[in-house]
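Here is a short report on one protein chain. Please keep the sequence and the 3D view open as you read.

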Amino acid sequence: YLFDTHFYFPSLFGWLLFPFSVIAYRKAFKLYDFQKIEQIVSFVLIIHLAFFYTQYLLYTFFNIKLDYLYVLTGEQQRMGAAKLKEFFNLIRATGLFSEPGSYSVYIYILVSIKLLIRKNIDILSIIGIASMFLSYSMTGVLMAFYFLGIYLFFTKYNMKKVIALFISIIILVGILALKSEVFLGPIQERLLNIQEDGSASARFQGNISNFIASGLLFVGIGIGVLSDNIKATSALLSGLFNMGVALLSVFLLLSINYIRKWSNSYFPILLLPPVLMSNISFNQIIYTVFFAFLTIDFTNQRIRESI
C-alpha cells in the first residue's frame, strides 16, 4: 500500500528546527514590551484585512474579481463559490492567500495572539472575525464560532469585555441577517452534513484508510518521508502520518504540558485545537510562531485594554 515514498530533507529539517525555533522565538518575544508586540501583530492584521475587504467589496459592488496571487505569481486564487450552490455568483475572498480556508487560519492565529496579550478583543479583532464569516469558508465559520465561544465562556468579565462582546454579537447578527440566505442555506447544509463534505473529509480522514492499510498506524511513515498515496491535509493528520499514533501522542502531550507550564495558564491550550485541524503543518513557521506565543506568560506585564 505504501508506494513511491521518497525522502524530503526540508520536511526533516523543519521538524529538527522546531524546538530550537520555539526557544528562539520565546527569547525574542521577551526582549520586547508586550504592548509593542501587540501593535506589530495589529499592523500585520490590518494589512491582511485591507487586502481581504478590498477584494470582497470590489466584487460585491463593482463585480471586479481582483486576484492578488495571479498578479504577483501567476497562480490563480480559489475564490469560486461553487460550494455555495445557487449562490455561485458570490466571491469567497481570500486576501493574500490561495483559498479562503487558509486566510481564515492565519486571521484566527493573529486574533488569538491579540487575545492572549490583551485579555480582550478590540475592534480590529472583531473586524477580523467578521472577515472569517464573510470568506464563506466552512473553516472560517467554524473557527470564528469557536473563538467567540472560547471568549464567551473562558474569560473573566469586566465592563470593557462586555462591551466588546456586545459589539461582536451585533456585527455577527448583522452579517448573518444580511447574508441569511447563504448562511442558512448552503453553509448550514454543509455544517449539518459535515460527514459527507469533501473538504471536511479530507481534513479529518484524508488518506487514513491507505495509512491504516500500510500497517504503520503506530509508528508512522517517518519524519521527512513523503508518500504519493498518503498525503495529509491538516496538521493533526500530518503529524499522524509522520510519527504514528504513539509518537504523535507523546508530542501533543509534551506540547500541552509546556504550554501550561510556561504560560502559567490553561487558557492558551484552548486556542490550539482549531489550528491542529487546519491545513498547516507542525513544521511550518506560522505554527512555530503561534506555539511559541502560546507558551508565553502574558501576566508578567500589563497592557492597556480598550475597545
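## A tour of the chain

Start at Y8. Y8 is partly exposed, because its relative accessible area is 41%. The scale runs like this: buried means under 20% relative accessible area, exposed means over 50%, and partly exposed lies in between (1.4 Å probe, protein chains only). Y8 sits in the loop between β1 (6-7) and α1 (9-30). Helices (H or I, at least four residues) and strands (E, at least two) are DSSP runs, numbered from the N terminus. The C-alpha atoms of Y8 and L226 are 6.7 Å apart, although 218 residues separate them along the chain. Leaving out residues up to four places away in sequence, Y8 touches G224 and L226. Contact here means heavy atoms within 4.5 Å.

This is a predicted model, where local features need pLDDT of at least 70 and side-chain atom pairs count only at pLDDT 80 or more, while totals for chains, interfaces and linings use all residues. Residues are numbered from 1 along each chain as its sequence is written, and side-chain values use heavy atoms, with hydrogens and water left out.

**The whole chain**

The chain has 14 helices and two strands. Of its 307 residues, 48% are buried. Among contacts with a separation of 6 or more, 71% join residues 24 or more positions apart. The accessible surface is about 15,300 Å², and carbon and sulfur atoms hold 67% of that. Such areas come from the Shrake-Rupley method with a 1.4 Å probe; for residues, only the protein chains shown count as cover.

**A network of charges**

How many salt bridges does a search of the whole structure find? The search finds four. A salt bridge is a side-chain nitrogen of Lys or Arg within 4 Å of a carboxyl oxygen of Asp or Glu. Side chains of opposite charge can pair when their charged atoms come close. The table shows some of these bridges.

| Pair | N to O distance |
|---|---|
| R118 and E38 | 3.3 Å |
| K114 and D122 | 3.0 Å |
| R118 and D122 | 3.9 Å |

E38, K114, R118 and D122 are linked in a network. R118 is in helix α4 and E38 is in helix α2, 80 residues apart, so that pair links distant parts of the chain. R118 counts as buried because its relative accessible area is 6%. E38 is buried too, with a relative accessible area of 6%. K114 and D122 are also buried.

Helix α5 covers residues 123-134. The expected span is 1.5 Å times one less than the number of residues. In α5, 10 of the 12 residues are buried, so the rest of the structure largely encloses this helix. Among them are L124, I126, I129 and F133. Just after α5, Y136 takes a positive phi of about 55 degrees.

Helix α14 covers residues 285-294 and is largely enclosed as well, because eight of its 10 residues are buried. The buried ones include I286, Y287, F290 and F293. What do the buried residues of α14 pack against? They pack against α1, α2, α4, α11, α12 and α13 (273-276).

**Loops and phi angles**

Most residues other than glycine have a negative phi. N63 has a positive phi of about 60 degrees. N63 lies in the loop between α2 (34-62) and α3. At 57% relative accessibility, N63 counts as exposed. N264 also has a positive phi of about 60 degrees. N264 is in the loop between α11 (235-263) and α12 (267-270). Its relative accessible area is 49%, so N264 is partly exposed.

Is Q77 buried or exposed? Q77 is buried, because its relative accessibility is 7%. Q77 lies in the loop between α3 (68-72) and α4 (100-118). Its side chain reaches the backbone oxygen of G95 at 2.8 Å. This is a polar contact: a pair of N or O atoms within 3.5 Å, where, within protein, one must be able to donate a hydrogen and the other to accept it, and residues adjacent in sequence count only if both atoms are side-chain atoms. Beyond its neighbours within four places in sequence, Q77 is in contact with residues including Q55, L66, Y68 and F97.
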